[in-house]
Amino acid sequence: MDQLMSHMEKVTPDGGIVKILIRNGDPSNRPNWVRGANARFHYAVYTYGREPGTNGHHHDGSCEHDQNSTTCDHDSAKSDSLDGVRPKRRKVDDTREDDPPEPFELRIGYSFAVKAMETCIQTMNVGEKARFLCLPEYCQEYVQLAKVRKQEKQNRIGAAKGLPPVRSHGCCAHVLAKEMEAQDDLADVHGVPLEFEFELLDVQLPGNYVREPWEMEATDKWKEIPIRKEEGGKCFKEGNYKEALEKYTRALSLLESLSLSPTIQDLERERTATSKKKDVAAVGQQYKDSGTAVSDVIELGSFYALMQACRLNYASCQLKLGNYPPVIVQCSEVLKRDPQNLKALFRRGQAYVHIGRDLELAEQDLAQVRAILEKNADMFAKNGPEWLDLRRQEQSLAEKFKAHRHREKLLYSRMFE
């Protein structure tokens, strides 16, 4: 214990945060902690306390009270104290156990909710590993961070299936009850001292890292979206489908974020107010964003055109990579706005055929594709690529139906043997 105490260092004057060095970093690589610097690190969080259901006293027969009794003098004597009891150390969270184990990123100088994390990280050098013991007042918002991280994990799982991110809506008792039930395991880390173990990987100066959508102005997102779309198209043509998918994923995340911004919502309200006009979707107007005049016009028509194109391109990448459920999700989103979209119908039909489960839905989509091609015969030649692709998918679908009927026939024949 004396050796441990000798390695302890006060981080805050009141001793509310104490540092224990585990491994030295590179003293020559002292980070420049300017506002907006991006710290990348792994962390684990631990809490301490007695084992659930005990007060440090085990009823093992050595006690003189009636063993059938539910009360004990030891219980009342130690109910409010851990004296003589070794607290149990329990891991609450660890970024290394994420899938994939990506480091946590923290923007310095923006009053991060968990005060202890920003304070602790700024005492470290790159490569350093240290443990910090923190009193409750320095980590009050940790439960909220843990809640967000849990939701992000679920969103990553959903994103791999092509599902949109889950967001909490409303404040009704039903919603709150469901959230409380989902976060029940975090109840015992609220208002208690926590131990953080940090490993600082690197620190990036402003401008040297990709910003998250939430920290970008609407116009910055608007400028970046076509750039990522163009990069994705180039990668796709080169056959680099994974990288193309990353570009389209980034573009879609910016578009989703922008769709919730006041800029787009104001344009939506204007379109609703002037719905009798034919071309209101392309209204261009100057807007204010965080007090700054928008120099580039954001058009609602162009916004939705980009959204549709990026969804279709994302679906095309997933088709090439053999990930079919995301194709169905994104193409269905396109069809909500444009029910006759040829590419969305064809790609969703392809996905259904490949999965081989909802063959009737594949048949419906491909039938709609055929109807559109026939209706626009002057645009689509019978020997053109659209018809060739359709016939190929229809043949594949027919083979899937044949195999399905054969399996059903065998199943029913065995039932009556």
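Helices and strands here are DSSP runs, numbered from the N terminus. Keep that in mind for the names I use. One more thing: this is a predicted model.

Let's start with valine 210. Where does valine 210 lie? It sits in the loop between β7, residues 194-204, and α6. Is valine 210 buried or exposed? Exposed counts as over 50% relative accessible area. Valine 210 has 55% relative accessibility, so it counts as exposed.

It still has partners. Leaving out residues up to four places away in sequence, valine 210 touches Arg107 and Arg250. Now look at asparagine 38. It is 172 residues from valine 210 in sequence. In space, their C-alpha atoms are 9.9 Å apart.

Next, helix α8. It runs over residues 262-273, which is 12 residues. From first C-alpha to last it reaches 16 Å, close to the 16 Å expected at 1.5 Å a residue. Which residues of α8 are buried? They are Thr263, Ile264, Leu267 and Glu268. Look down the helix axis: these buried residues of α8 fall within an arc of 135°, so they line one face of the helix. What covers them? The cover includes α6 (218-237), α7 (241-259) and α9 (300-321). Turn to the other side of α8, and Pro262, Arg269, Thr272 and Ala273 are exposed.

Now the whole chain. It has 13 helices and nine strands. Of its 417 residues, 37% are buried. Take the contacts between residues at least 6 apart in sequence: 73% of them join residues at least 24 apart. Last, the surface. The chain exposes about 25,100 Å², and carbon and sulfur atoms supply 51% of that.

Conventions
Residues numbered from 1 in each chain as written. Predicted model: local features only at pLDDT ≥ 70, side-chain atom pairs only at ≥ 80, totals over all residues. Heavy atoms only, no water. Helix = DSSP H or I, 4+ residues; strand = E, 2+ residues; numbered from the N terminus. Expected span 1.5 Å × (residues − 1). Buried < 20%, exposed > 50% of the residue type's maximum accessible area, 1.4 Å probe, protein only. Arc of directions from axis to C-beta. Contact = heavy atoms within 4.5 Å. Areas by Shrake-Rupley, 256 points an atom, 1.4 Å probe, with all protein chains shown as cover.
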